[in-house]
Amino acid sequence: MQTMFRYNWLVREEWYRWCEDVPVEELQRTRTGGVGGILHTLFHIIDVEWSWIQELQGKSGFQESFESYKGLEKVRKLDAAFRPEVEEFVQSWELSMETRPFFEPRPNGTMDVDAWGEVMRHVIAHQIHHVGQLSVWAREIGKKPVSANLIGKGLINPQLLS
């Protein structure tokens, strides 16, 4: 699981660099699908990752809207502010946490119960899903998207394979 979080963070950093060469109007343009545009989607990925990790720890999630984060540097700063705590939680993950119950009240008064491991994998899959949308939008504006390839990113230490 830790490898997949590192993969997501690495890919997200690559998308930030990709955005540096795109006019801000393109980054903010509302697009078909997803939560809006390119920058809004990056903001949403950060928000969801942070909020779920906070919820698992019994803390309140992020409540701000994208309106305050409409620039690439603002989104990057938000990510940089949240990442250390998220990374600490991911690095402290233990097998015993996999099946720990997470109780989520629903608006209709019922309670969903999910395993912490499910929630963590949802967070991983959530970014991967949205990166697919970013890739489609990149092609729509005539730019090559960031590679989604996990292989070759140096995320697994080859010495551990011996």
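**A reading of the predicted model**

The model is a predicted one. Glu73 sits in helix α4, which covers residues 72-91. The side chain of Glu73 makes a polar contact of 3.3 Å with the side chain of Arg76. An α-helix has 3.6 residues a turn, so residues three or four places apart point the same way. Towards Gly33, the separation from Glu73 is 40 residues in sequence and 24 Å in space, taken from C-alpha to C-alpha.

Helix α3 takes up residues 38-56, a run of 19 residues. From the first C-alpha of α3 to the last is 28 Å, close to the 27 Å expected at 1.5 Å a residue. Helix α3 is mostly covered, with 17 of its 19 residues buried. After α3 comes Gly58, which has a positive phi near 80 degrees.

Ser135 belongs to helix α5, residues 116-140. Is Ser135 buried or exposed? Ser135 counts as buried because its relative accessibility is 11%, and the cut-off for buried is under 20%. If neighbours within four places in sequence are set aside, Ser135 is in contact with Trp15, Pro145 and Val146.

The surface carries a nonpolar patch formed by Phe103, Met111 and Val113. Together these residues have about 310 Å² of accessible area. Val113 is placed in strand β2, which spans residues 111-115.

How values were computed
Residues are numbered from 1 along each chain as its sequence is written. This is a predicted model: local features need pLDDT of at least 70, side-chain atom pairs count only at pLDDT 80 or more; totals for chains, interfaces and linings use all residues. Side-chain values use heavy atoms; hydrogens and water are left out. Patches are made of residues with over 30% relative accessible area and no salt bridge: like charges are joined within 9 Å, nonpolar side chains (Val, Leu, Ile, Met, Phe, Trp, Tyr) within 5 Å. Accessible areas come from the Shrake-Rupley method with a 1.4 Å probe; for residues, only the protein chains shown count as cover. A salt bridge is a side-chain nitrogen of Lys or Arg within 4 Å of a carboxyl oxygen of Asp or Glu. Helices (H or I, at least four residues) and strands (E, at least two) are DSSP runs, numbered from the N terminus. A polar contact is a pair of N or O atoms within 3.5 Å; within protein, one must be able to donate a hydrogen and the other to accept it, and residues adjacent in sequence count only if both atoms are side-chain atoms. The expected span of a helix is 1.5 Å times one less than its number of residues. Buried means under 20% relative accessible area, exposed over 50%, partly exposed in between (1.4 Å probe, protein chains only). Contact means heavy atoms within 4.5 Å.
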